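Please view the sequence and the structure together before reading on.

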Amino acid sequence: MAFFKLNRGLGIDLGTANTLVYSKKHKRIVLNEPSVVAVERETKKILAVGNEAKEMLGKTPDSIVAVRPLSEGVIADYDITEAMIKYFIKKVFGSYSFFMPEIMICVPVDITGVEKRAVLEATISAGAKRAYLIEEARAAALGAGMDISAPEGNMIIDIGGGSTDIAVISLGGTVVSKTIRIAGNNFDSSIIKYVKKTHNLLIGDKTAEEIKIKIGTALPLEEEETMEVKGRDLMMGLPKTVTISSEEIREAIMDSLMEIVRCIKSVLEQTPPELASDIVDKGMVMTGGGSLIRNFPEMVEKYTSLKVTLAENPLESVVRGSGLALEQVKVLRKIEKAER
């Protein structure tokens, strides 16, 4: 029975855009759903969570509001976050689970003590037997296959939905790190603003995300791509379709991309010489959904003159790393010691 309980650990990447859950027992990701909750406005009753709630975004009547309880990687609404975690735990284990799991939660590098306590308390209240925290950058490095316990510099760039974590890790510890609140959601917001300003067309978050995925690029393409976009004409107030090019989207998101590049260069400037030498030899690894912007790794290479590798499964690196931290007792002890 002890072995059964031991294997009921979960690694959770509680992201601004999506929540992923890794099962220690099954050694794989068992859940990947949007971090969205639909709530009845007056009673605060939870109506839907995850995929079902995301379908309601921008389409709900006044009596219902679809919200993202996490903002820029941290808890913005404690009660709704707790309800969301509880829902995901139940979905993985079932409603009548007797043994509660140990849970490893991923958090941004620069999260405050108050925010850490909020995440831990929400996780315990949601039904966890015990909760641990791991920095997203460290989890991403583990999940990307880096040997972070070695006495050498490993540089990771994790671009999520609400924040970008950049860190240099050596001997299992974070030597230099920086978090900026610019990531995938900022790309979407920039696209919405650009389309509004340039085409007098109002579009929603889902449309902006679709544009980003289909024709978003960090560098000019040999052959420009276009996409038909539907929205509401701001002049006439009627539905309208316009054609938007990949070059326009590059222009729309360039400021955000350059801000991330500047942050990467800032971390490199603060890196000790011996570790910087390792990074010159090995290069950097990019993870997270934001790293999937076409040609973004090549853009970072262009501005840093260093090799940049895209992780094998960028969207899954963080949650896989949190699961590996649970499986590796030595790594877990290091994390616990660092939190004391």
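The structure is a predicted model. Its chain contains 12 helices and 18 strands. With a radius of gyration of 21 Å, close to the 20 Å that the globule rule gives for 340 residues, the chain is as compact as a globular protein of that length.

**Overall form**
- The C-alpha trace of the chain spans about 65 × 55 × 30 Å along its principal axes.
- Of the 340 residues in the chain, 51% are buried.
- Contacts between residues at least 6 apart in sequence join residues at least 24 apart in 61% of cases.

**Surface and charge**
- The chain has an accessible surface of about 16500 Å², and carbon and sulfur atoms account for 50% of that area.
- There are 44 positive and 47 negative side chains in the chain.
- The centres of these two sets of charged side chains lie 6 Å apart.

**Helix α5**
- Helix α5 comprises residues 136–143 and is mostly covered, with seven of its eight residues buried.
- The buried residues of α5 include the alanines Ala137, Ala139, Ala140 and Ala141.
- Glu136, Arg138 and Leu142 are also among the buried residues of this helix.
- After α5 comes Gly145, which has a positive phi, near 90°.

Note on methods
Residues numbered from 1 in each chain as written. Predicted model: local features only at pLDDT ≥ 70, side-chain atom pairs only at ≥ 80, totals over all residues. Heavy atoms only, no water. Helix = DSSP H or I, 4+ residues; strand = E, 2+ residues; numbered from the N terminus. Rg over C-alpha atoms; globule rule 2.2 N^0.38 Å. Buried < 20%, exposed > 50% of the residue type's maximum accessible area, 1.4 Å probe, protein only. Contact = heavy atoms within 4.5 Å. Areas by Shrake-Rupley, 256 points an atom, 1.4 Å probe, with all protein chains shown as cover. Lys, Arg positive; Asp, Glu negative; His and termini not counted. Charge placed at Lys NZ, Arg CZ, Asp CG, Glu CD.
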